[in-house]
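This report describes selected local features of one structure. The sequence and the model are shown first.

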Amino acid sequence: MVSKYLSSILLISLVFILASCQNNTVVNQNKSMNKPWKSSQPVSFEFNIQDTISPYSFYINVRNNMDYDFSNIYFFVTTTFPDGTTGRDTVECILANVRGKWLGSGMGNIKESSHLIREDLVFPASGKYQMQLEQAMREEKLDGIEDVGIKIVKKID
């Protein structure tokens with residue numbers, strides 16, 4: 001009786017462990033920047049979406065070094081939908097706190113951070129999407145940005 005009970009607990013535990021390890025990341029792409037990163041040099045990402053019912057979380061990834069002079073970065077985000085229409089938004093990512101301490105992870109000269117931009121995003125159509133990130137700071141050239149990227153994660157309840 002005890003071994004049957006123990007076997008059931010182990011089986012249920014294994015199912016929960018495997019379910020929690022499920023990777024729901026649909027897109028995780030990063031691209032290295034030309035240094036300095038000029039506002040005239042947008043970075044493009046392409047990805048396919050098939051599920052138009054499930055909600056997603058959208059993140060912007062930033063890797064910066066200590067040469068970056070600001071505590072934040074603004075992006076123009078342009079999305080091209082499968083039907084060719086576009087949408088554009090401006091977003092801010094905070095890279096350091098009010099005291100100048102870099103946020104994110106990493107040891108040494110480079111910090112990496114992932115910024116939640118939109119939660120519960122539902123894509124309106126299946127197909128190929130293109131997303132373009134442009135630095136939207138007041139400076140024409142930015143030193144200290146190593147990589148930028150996007151991450152899209154399907155939410156599983």
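## Basis

This is a predicted model, in which local features need pLDDT of at least 70 and side-chain atom pairs count only at pLDDT 80 or more, while totals for chains, interfaces and linings use all residues. Residues are numbered from 1 along each chain as its sequence is written, and side-chain values use heavy atoms, with hydrogens and water left out.

D147 sits in strand β10, which spans residues 145–154; helices (H or I, at least four residues) and strands (E, at least two) are DSSP runs, numbered from the N terminus. Its relative accessible area is 9%, so D147 is buried. Here buried means under 20% relative accessible area, exposed over 50%, and partly exposed in between (1.4 Å probe, protein chains only).

The D147 side chain makes polar contacts with two side chains: that of S32 at 2.9 Å and that of R63 at 2.3 Å. A polar contact is a pair of N or O atoms within 3.5 Å; within protein, one must be able to donate a hydrogen and the other to accept it, and residues adjacent in sequence count only if both atoms are side-chain atoms. Leaving aside residues up to four places away in sequence, D147 touches K31, S32, M33, N61, V62 and R63, where contact means heavy atoms within 4.5 Å.

## Salt bridges

The whole structure holds eight salt bridges, each defined as a side-chain nitrogen of Lys or Arg within 4 Å of a carboxyl oxygen of Asp or Glu. One of them joins the side chains of E146 and K35 (3.7 Å, N to O). E146 lies in strand β10 and K35 in the loop between β1 (25–32) and β2 (37–38), so this pair ties together parts that are 111 residues apart in sequence. E146 is buried at 16% relative accessibility, whereas K35 is exposed at 52%.

Another salt bridge links K154 and D51 (3.0 Å, N to O). Because K154 is in strand β10 and D51 in the loop between β3 (43–49) and β4 (56–65), the pair connects parts 103 residues apart in sequence. R63 and E112 also meet in a salt bridge (3.8 Å, N to O). R63 belongs to strand β4 and E112 to strand β7 (residues 110–121), so parts 49 residues apart in sequence are tied together. Salt bridges that share partners join R63, E112 and D147 into one network. R63 is partly exposed at 27% relative accessibility, and E112 is partly exposed at 42%.

## Sheet

An open sheet of four strands has the order β3-β8-β5-β6, with antiparallel pairing; two strands pair if DSSP finds at least two bridges between them. β3 and β6 (86–94) are the edge strands, each with a single partner, so one side of each has no neighbour in the sheet.

Strand β5 (residues 72–80) and strand β8 (residues 127–135) run antiparallel and are joined by six bridges. V77 has L133 in β8 as its bridge partner.

## Nonpolar core

The largest nonpolar core has 31 residues, of which F47, I60, I73 and F75 touch the most other members. Such a core is a set of buried Ala, Val, Leu, Ile, Met, Phe, Trp, Tyr and Cys residues joined through side-chain atoms within 4.5 Å. Two or more residues of this core come from each of β3, β4, β5, β6, β8 and β10. Beyond four places in sequence, the residues touched by F75 include W37, I60, V62, V91, L133 and V148.
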